[in-house]
Amino acid sequence: MGQSGDERFTSWSVAGVCVATLMYSVGCGFSGDVSVGGNRVGALKGAAGDVGIGVRAADTADSFVDHLGINTHFGYTESSYATQREQAVLPALDDLGVRHVREKAPLPDQAVLDLISAGRGVLLVYQGYPIAQAVALAKQLGPLVVEGVEGPSDTDYGPANYSYDGKTFPEGTRSYQQQLFDAFGSDPDLSSLPMLLPTVYETKNATLLGPLDSGTHCNVHARKPLAGTPSDDIDLLIASARVICGPSRPVMATSVGYSNPGSQDGSVSEIIAAKYLMRAALESFMRGVRRFYVYELIDEKPDPGGETADLHRGLLRSDGTKKKAFAALANLIAVLADPGADFEPTTLAYALHGHTELIHQALLEKRDGSFDLVLWQDVQSWDTVSRQALQIEPLEIEIQLASVAQSVVVFEPLNSSEPVLRRTSTERISLAVEDHPLVVSITP
C-alpha cells in the first residue's frame, strides 16, 4: 500500500506505554515490538523488599482508557443486540465508558446510524464479505468513524465453516485478506486505514497461515485461559501473532474475553472473568498493544443451563443485566479516565517493600499532576481442571514515596469506583494486594 504500519496508524496511535517496573520483567521490549522501548522501559530486580526508591516514568492515564474497546454485534438481528437494543445495549455502551467498538459486516441500516451517531471509533471486521461491499460500508460510515479494518478471524476453527473462492483455511483466508488489503490500499479515501491481519483460533495453526504481508498490524484473539495467568496468555498470543506478521509490526488484541458459566471447559466464573479482563487489559497495555477489545458487550442468546460456552462471553447477560466484569471495567475506566489535550507525562520516585515478588504494576499520570499506581498479583486465579476459583492470599506491601504526598487515595475497581482508603500528608502507605487491580492515586 506504499505506507508503513506506523504511517497508517497515526490517526489513533497510543504512546509508548511500557512503564518501569519493580521486581520483575513484564516482557516489554521483546523482539520487534515497535511501540515499546526508550526511556519508558525499565525493570529493577532484587530480593523481595530490598529495592530502594527509584524514579519511574509514567504514561498518561487516559492513554490506557483510550486503548480499551468492546466487541458488539449489531448485525445479529435476532440476538440480544436487537431484542435488548434500546433498554440495555445502547445505555450499557454509555455506562461502560469505552470509546471504540469492533463490529462485523454486514450491518443493517439502523446499526450504521447507531454507530455514526454514537461518536465512537469503529474497527470493521470482514469475514469474507464481498470486497466491493466492504469498501462501500467503510465509506458509508466515513473516515471520522472507521478507525481500522480487520480481515478474517479464527478461520481455523472448523475450517469447513469458512470458504472464499472455493478455498478453506488457510488458502481461502490468505486470498481474501490479500484482496481486502489491495482494495483498501488502492482507494485514496481508505488507504490510510490500519489493516489488521487475520488471527487463528489455535496458536499452533499460526504457522499454517503465515507469514503474511497483507496488513499493517499484528492481531491476537483469546477467549479462554491458555496458560497460567493473563500475562502468560498475552505473551503466548503475541509470540503466535509474530509468526504471521513478523517482528516489527504493532500489535492489537481485538477479541479477548472469557466465557463464564464456569462449568464448561475453557470457561471461568463471572468474578474471575472480571479479574482476568482487567488484568489482561493492563498486561496488554504494558506490552505496547495498541488497542484491546473486550469480547463482548452482551450474551447473544439466552442459555439458562450454561450448556453453550460461546453464549456467555458478554459483559451483560442476555436479559440485559450487568455481570461483575461490566461493573469492574466501568469502575476502572471511571477511576482512570482523564480526557483532554495531550501532555507529556513525568516521573514519580517511589519504592515497593514487602511481598512484592508477584506484584505487577503500571504507573500512570493525569493532567492535574497526580499519579495512579495500579497494582495486582500476577497469579493464576482459576483452576482449569477442577473449574473452581483458587484461594489467593493477599500480599502485604508498603509503598514508600521519596517525599510527602499531599494525599493518597486507594480504589478497588472490582467492587466500586469510590475510594476505599484515604491518607493525607504521608510518604508511606501499607496495602494488601489481591489478584485484581488496586489503583493508588498519589497527589505529590
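Ala, Val, Leu, Ile, Met, Phe, Trp, Tyr, Cys and Pro are counted here as nonpolar, Asp, Glu, Lys and Arg as charged, and the others, Gly among them, as polar. The structure is a predicted model.

Rolling a probe the size of a water molecule over the atoms shows where empty space is left. Three cavities of 30 Å³ or more were counted. The largest cavity has a volume of about 40 Å³. Its lining consists of L68, G69, I70, L96, V98, V294, L315, L329 and I333. By class, eight of these residues are nonpolar, one is polar and none is charged. Strand β5 (68-71) and helix α10 (324-336) each supply at least two lining residues. The most come from β5, which gives three.

The second largest cavity also has a volume of about 40 Å³. A222, P230, D233, I234, L237, V256, Y258 and A280 line this cavity. Helix α8 (residues 230-245) gives the most to the lining, with four residues. Seven lining residues are nonpolar, none is polar and one is charged.

The largest pocket has a volume of about 560 Å³. It is lined by 23 residues, and those closest to its centre are K104, Q127, D154, R223 and Y295. Strand β6 (residues 100-104) provides the largest share of the lining, three residues. The lining of the largest pocket divides into seven nonpolar, eight polar and eight charged residues.

Two packed helices are described by the angle between their axes and the distance between the axes.

Helix α9 (residues 270-286) packs on α10 at an angle of about 30°, and the two axes are 7 Å apart. Angles under 35 degrees count as roughly parallel, and α9 and α10 are therefore roughly parallel to each other. The crossing of α9 with α10 is right-handed. On the α9 side, the contact is made by E270, I271, A273, A274, L277 and M278. On the α10 side, K324, A325, A328, L329 and L332 take part. By class, this contact has nine nonpolar, no polar and two charged residues. L329 of α10 is in the contact with α9 and also lines the largest cavity.

Helices α8 and α9 cross at roughly 50°, and their axes come within 9 Å. The two helices are therefore oblique to each other. Their crossing is right-handed. P230, S231 and I234 of α8 meet Y276, R279, A280, E283 and S284 of α9. The contact residues divide into four nonpolar, two polar and two charged. Several residues link this contact to a cavity. P230 and I234 of α8 and A280 of α9 are in the contact, and P230, I234 and A280 are among the residues that line the second largest cavity.

Helix α4 (residues 109-118) and helix α5 (residues 131-141) pack at an angle of about 45°, with axes 10 Å apart. This angle makes α4 oblique to α5. Helix α4 contributes V112, L115 and I116 to the contact, and α5 contributes L137, Q140 and L141. Five of the contact residues are nonpolar, one is polar and none is charged.

The backbone was examined last. Most residues other than glycine have a negative phi, and most peptide bonds are trans. The peptide bond from G210 to P211 is cis, with omega near 0°. P211 is placed in the loop between α7 (206-209) and β10 (218-222). A cis peptide bond also joins Y295 and E296, where omega is about 0°. E296 is found in the loop between β12 (292-294) and α10. D165 is not a glycine, yet has a positive phi of about 55°. D165 is located in the loop between β8 (146-150) and α6 (171-185).

Definitions and conventions: Residues numbered from 1 in each chain as written. Predicted model: local features only at pLDDT ≥ 70, side-chain atom pairs only at ≥ 80, totals over all residues. Heavy atoms only, no water. Axes fitted to C-alpha atoms, helices over the stretch in contact; angles between N-to-C directions. Parallel < 35°, antiparallel > 145°, perpendicular 65-115°, else oblique. Contact = heavy atoms within 4.5 Å. 1 Å grid on protein atoms, 1.4 Å probe; cavity = no way out; pocket = protein on both sides within 12 Å on 5 of 7 lines; lining within 4 Å. Points joined across faces, edges and corners; volume = space filled by probe spheres on them. Left-handed = near helix turned anticlockwise from the far one by under 90°.
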